[in-house]
Structure formats: C-alpha cells, structure tokens
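Thanks for coming. I will go through one structure this morning, starting with how its chains are arranged and ending inside one chain.

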Protein chains: 2
Amino acid sequence: MTLKKPRKKVSLQTVERMSIYRKILEELHRNGVANVYSHHLAKMADVSPAQLRRDMASFGSFGNISKGYPVYQMILTISRLFGTDTLQNIALIGAGNLGRSLLFYRGFEERGFHIAVVLDIDTEKVGKVFAGRRCYHIQDMEKVLPDFEIAMGILACGQQNLQNLVDRLGKAGVRSILNFVPKVVHAPEGMHVEHIDFSAIMEKLSFLTRFGASVES
Amino acid sequence: MTLKKPRKKVSLQTVERMSIYRKILEELHRNGVANVYSHHLAKMADVSPAQLRRDMASFGSFGNISKGYPVYQMILTISRLFGTDTLQNIALIGAGNLGRSLLFYRGFEERGFHIAVVLDIDTEKVGKVFAGRRCYHIQDMEKVLPDFEIAMGILACGQQNLQNLVDRLGKAGVRSILNFVPKVVHAPEGMHVEHIDFSAIMEKLSFLTRFGASVES
DNA sequence: CCAGTAATGTGAATATTATCACAGCGACGA
DNA sequence: TCGTCGCTGTGATAATATTCACATTACTGG
C-alpha cells in the first residue's frame, strides 16, 4: 500500500463526506471538468466551503491555490483513502429478498466492491448460483471465506444467533460488517459493525416531518 | 396529536439513538421485563448511562428514581415521538430489484410504516400488483398520492431526473424522503431527504478496516 | 422511624465538530 | 514590474455533543 496513515486523524464524519465528494467529483470528471473550487464543490455537496477545505486538508493538501482542486487526482486520492483503488472481495450472508437484490446492485462494482461469495443457512439455497455467485452453507464459512480473501461482510439474514454469527465471521478473518438486520449486535474487539436499519431511518424522517420546523435547516 | 413539541430541543443524534432504545425495549417487553435501569439499557445499546439518561430526559423525564425506566411506557412515548403510534402510509418510487425487496420487507409494518402505493416509470410494470400493491405510473403521481395521504416516500429508482422527481414529490405533499439512489439531491425548502448509499457505507467500513486502529473504539 | 443504599436528572466540565476570518500565495493585466 | 484579485490552508473562535459528578429522591431493613 502506497498510502501512509493519515497524518493526524481523519474523523469519521469527514470520511462520510468524502464519499459524497467523490461521487460529485466523478460526475465532474465525466463532464470533462479538470479543476473545481471549494465553494463550487461545497455548494454541490451541501456543506460550507470551509468545511470542505478542512476535510480535504485533513489527509493532505492537494488544492492549487488559484486553480482549485484537481478533480481526477482527488478521485484517486480519496479512492486510496478508502482502499478501493483495488477491487475488494466481500461476503454476503443471506440470500433472501434483500440479499438477492444486493447481488444485482451495480453500485458496488462501480465503487470497488465485489460480492464474491454468498452464504445462507437454508439448504434449499445452498449450491444454487445467484447472479453468478455460488451459495454456500453458513456452516462452511471457515472453509470458504479464506479462499476469497474476504475482509468485509454484509449481513442480510435472519435474526437468529446474529451475535454468534458476527463472532464467527470475525474469527474467520472478517474485519468489518455492514448489518442490515434490525437487531443490535456488539462489535467484537478489532471489528467494525455498521448498522443500517431502514425503519430507524424512517422513524427519524417521521420525527423530522413532525418537529422539523424546530430544527433549523 | 396528544404529544406536544419537545420541550427544549431533541437533537437528531438523540432521535437516532431512540430507535435503538426502542428496539431493545421491545425485546425486553416481549421477555416480560417491566422496568430497566439506565446502566442496564445503556450497556445493551452500547452507550454510556449518562448519555442514555440525558436522551430520555430530553423529551421529558419518565424514569422512576428507584425502579428505573418503565419499559412499556417508554415504548409508547418513543412511538409518539416518532409519530408511529398510528400507521403511516408511504409511497415507493421504483419497483426494481431493491424496490420489490422493500415491498416484502416486514420491518416496516412492524414499526408503523406501510408502503401503500408503488410508482414506476416503466410502462411494463404499471398496472401490475407487487406484494399486494398496485403499481402506478410516475406521471400520475399528483393524482394518486393524495388518495393515500402520503407524507413520506422512498426512492429506489434510476438516477435520471432525480432532483426533478424530488421537487415534484414535494409539491404533491410528500414531506420526507428516504433516498436509496446514489446521487446527491438537494432537499427543497421544508422537506427532508435522508440518503442511504450502500457503497458509501462500505467505503467507510473499508477505511475503518485500514485505519481503524488510529481511531480508538 | 431513621440511616443506608442506589437510582435519576442535571449543572458544570470536557471533548468534539464546525465556522470565521485572514495570512500568504499565484495568476493576471496594465 | 507591480498591484490587485481571489483562492487555499489554518489558527482562533464558536457551537454542539458527551461525560463527570453530585444533589436529590424513593425504597429497604433493622
């Protein structure tokens, strides 16, 4: 890996914004734009120019003082920050409705992620091929995962024994998990679990719809 | 509406944690637990006891000083905060892979949300019924949405004209949108748009996998 | 009845995050 | 060549979020 650790510390919120910046930068790049000013990019990303400059500066400064930021180079830099300059293999656990729709989701491949293997507990599904990926039984996790060099996983399965499943994944070499199952799980030492709960986000939106006026936009 | 506005101001981060608390409280309730202490609930939710108490206190205090918090009453209170004590109709825009899997997702109904109507731009899909919901053409949005009293929508469609679509939804009475489309859109005045970008979350996880050690857990 | 215990709610302190405001630089035109 | 302009990067400041620590309160047991 050519990129050294971020010099000071890149906050998680900065990292989240980086995804947004990169998305916009790629659109600019497709449109042939070579350089962009902080206030321009900031406006498109709905953040303040100062914040954008600080975000950019937080992992090394690349802005030209009179041309602005070089679009293509920033894309490469952010990709390296994410480690998605090379394709990353990930494992999908659960081939239900949501899981299968994720297999067909093009966004992952476009952004450097490849669902390489599918695991399920349902013996009906084991052995079948979904969108080009063979489905293995969860029981064989420890045998299968190392073959694909899996460091990240996606949980789209049932709620039963979820914590146990996470622990096993960790022991099998998975370092990070994107969890779609609406159940609280604790990340084992050294692992990261990011939780997406669709209903929780709807609840937040519902709250905003009712009380949003009290929060200034 | 029996609940008055939160007395001071409930921060968004508090609201997000409320979803977690409620999930745990419902599990406790199913297990017959009537009261729970802040340190107990906090441990299950992976937050500090002080934070939990502040969160609870932020929209009115209900903790009994020696019994802890009443589980069932807290569930009701949080539900009222979210406005999900009554079922909320929502509209789904896009009946592709992701959209259809959301139609089958049970979590919404369990938490007070009901996808009442489906819109798509593909005339092949219009008129069909997916998981019990009839699919209408996006063009007829303005006619269809008022019939169902829709205040919230879910975007799971293509990227074309997304901003325009959001604007139209706003004019048709939709106040909040959950956007699954990986494209930046700006919320019109008075609306709220919450963005879920699967790849962005994978990017964050990928970053954590590489540099996570520098961020203390 | 009263002291001891353990919980909540909350002012005060701290940590974190975002904004302000400007020094300093490079491009450009006269 | 030099002055002007507008940009970036960043110290200083402000705003926000979290944690600490304790006053206050309800229960319990002797």
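Through which surface do the copies, chain A and chain B, meet? Keep in mind that this is a predicted model. 100% of the interface residues of chain A are also interface residues in chain B, so the copies meet through the same surface.

Now the symmetry. In general, two copies of a chain are related by a rotation about an axis and a shift along it.

Next, the DNA. Around DNA strand D there are 23 residues, and the closest are S38(A), S61(A), G63(A), S48(B) and Q51(B). Two or more residues each come from α2 (38–45) and α3 (49–57) of chain A, and from α3 (49–57) of chain B. Which element gives the most to the surface near DNA strand D? That is α3(A), with 5 residues. By type, the residues of this surface divide into 9 nonpolar, 11 polar and 3 charged.

Let me turn to the sheet in chain A. Its 7 strands are in the order β5-β6-β4-β3-β7-β8-β9; the sheet is open and the pairing is mixed. The edge strands, β5 (129–130) and β9 (192–195) of chain A, each pair on one side only.

I will stay with β7(A), residues 152–155. What are its neighbours in the sheet order? They are β3 and β8. Strand β3 of chain A, residues 88–93, runs parallel to β7(A) and is joined to it by 4 bridges. In that pairing, A91(A) has G153(A) as its bridge partner.

Between β7(A) and β8(A) the unit includes a helix: together with α8 of chain A, residues 162–171, the two strands make a right-handed β-α-β unit.

Last, the side chains. In a regular strand they alternate between the two faces of the sheet. In β7(A), M152(A) and I154(A) point one way, while G153(A) and L155(A) point the other way. Are these residues buried or exposed? All are buried.

Note on methods. Residues are numbered from 1 along each chain as its sequence is written. Chains are lettered from A and ligands numbered from 1 in the order in which they are written. This is a predicted model: local features need pLDDT of at least 70, side-chain atom pairs count only at pLDDT 80 or more; totals for chains, interfaces and linings use all residues. Two residues are in contact if their C-beta atoms, placed from the backbone, lie within 7 Å. A residue is near a molecule or strand if its C-beta atom, placed from the backbone, lies within 6 Å of it. Ala, Val, Leu, Ile, Met, Phe, Trp, Tyr, Cys and Pro count as nonpolar, Asp, Glu, Lys and Arg as charged, and the others, Gly among them, as polar. A residue is buried if 20 or more other C-beta atoms lie within 10 Å of its own, exposed if 12 or fewer, and partly exposed in between; C-beta atoms are placed from the backbone. Two strands pair if DSSP finds at least two bridges between them. A crossover is right-handed if, with the strands pointing away from the viewer, the path from the first strand over the helix to the second runs clockwise.
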